Amino acid sequence: MSFYSVLTYAARNLKFYPLALKRAIENEPCLAHVVTHFKLRLCTGEERFLADCEAWDLLNLTPDEVLSLLTRIAETFGLSSPALQGVLNKHLIQTTGKEDLEKYFRIQCSPQYLCPNTAHYSWPKGAGEYCI
């Protein structure tokens, strides 16, 4: 896999990580208390409880906010980061696929990607009909 492909997948995974996290919290009984007691800082600077965040809010968090989520949740609720990651793994985009997460969150308009003719072969596979 090329360096470009790794960066592409990392960016996609980072973008969808908050959605996977919210889905895990909503569906895993051991995390039920997190959704109503954990606040996020939105891209607007506003703070909002995770339970009150829409898909748009979660898809537009800053990279720093996304990267801090697992550690902050583990520290705030006294959870083990590896155990939390283990629960989260089955909800990640790498596991479920983009379409599954979009369906769960009722995202009707998928992101569109602009791909040059020299795009890596995985772009049409990952973006499908949305690669223009």
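Student: In which loop is Gly45 found?
Tutor: This is a predicted model, in which local features need pLDDT of at least 70, side-chain atom pairs count only at pLDDT 80 or more, and totals for chains, interfaces and linings use all residues. Residues are numbered from 1 along each chain as its sequence is written, and side-chain values use heavy atoms, with hydrogens and water left out. If helices (H or I, at least four residues) and strands (E, at least two) are taken as DSSP runs numbered from the N terminus, Gly45 is found in the loop between strand 1 (39-41) and strand 2 (47-49).

Student: Is Gly45 buried, partly exposed or exposed?
Tutor: Buried means under 20% relative accessible area and exposed means over 50%, with partly exposed in between (1.4 Å probe, protein chains only). Gly45 has a relative accessibility of 36%, so this glycine counts as partly exposed.

Student: How far apart in space are Gly45 and Thr62, C-alpha to C-alpha?
Tutor: In sequence, Gly45 and Thr62 are separated by 17 residues. In space, their C-alpha to C-alpha distance is 9.9 Å.

Student: Which class does the pair of Phe38 and Phe77 fall into?
Tutor: Rings of Phe, Tyr and Trp (its six-membered ring) pair if their centres lie within 6.5 Å, and planes under 30 degrees apart count as stacked, over 60 as edge-to-face and the rest as tilted; this rule gives two aromatic pairs. One of them joins Phe38 and Phe77, whose ring centres are 6.4 Å apart with planes at 55 degrees, so the pair is tilted.

Student: How many residues apart are the two partners of that pair?
Tutor: The pair links distant parts of the chain, with Phe38 in the loop between helix 1 (3-27) and strand 1 and Phe77 in helix 3 (residues 63-77). Phe38 is buried, because its relative accessible area is 3%.

Student: Which class do the rings of Tyr104 and Phe105 belong to?
Tutor: Tyr104 counts as partly exposed at 27% relative accessibility, whereas Phe105 counts as buried at 15%. Their ring centres are 4.9 Å apart and their planes stand at 75 degrees, so this pair is edge-to-face.
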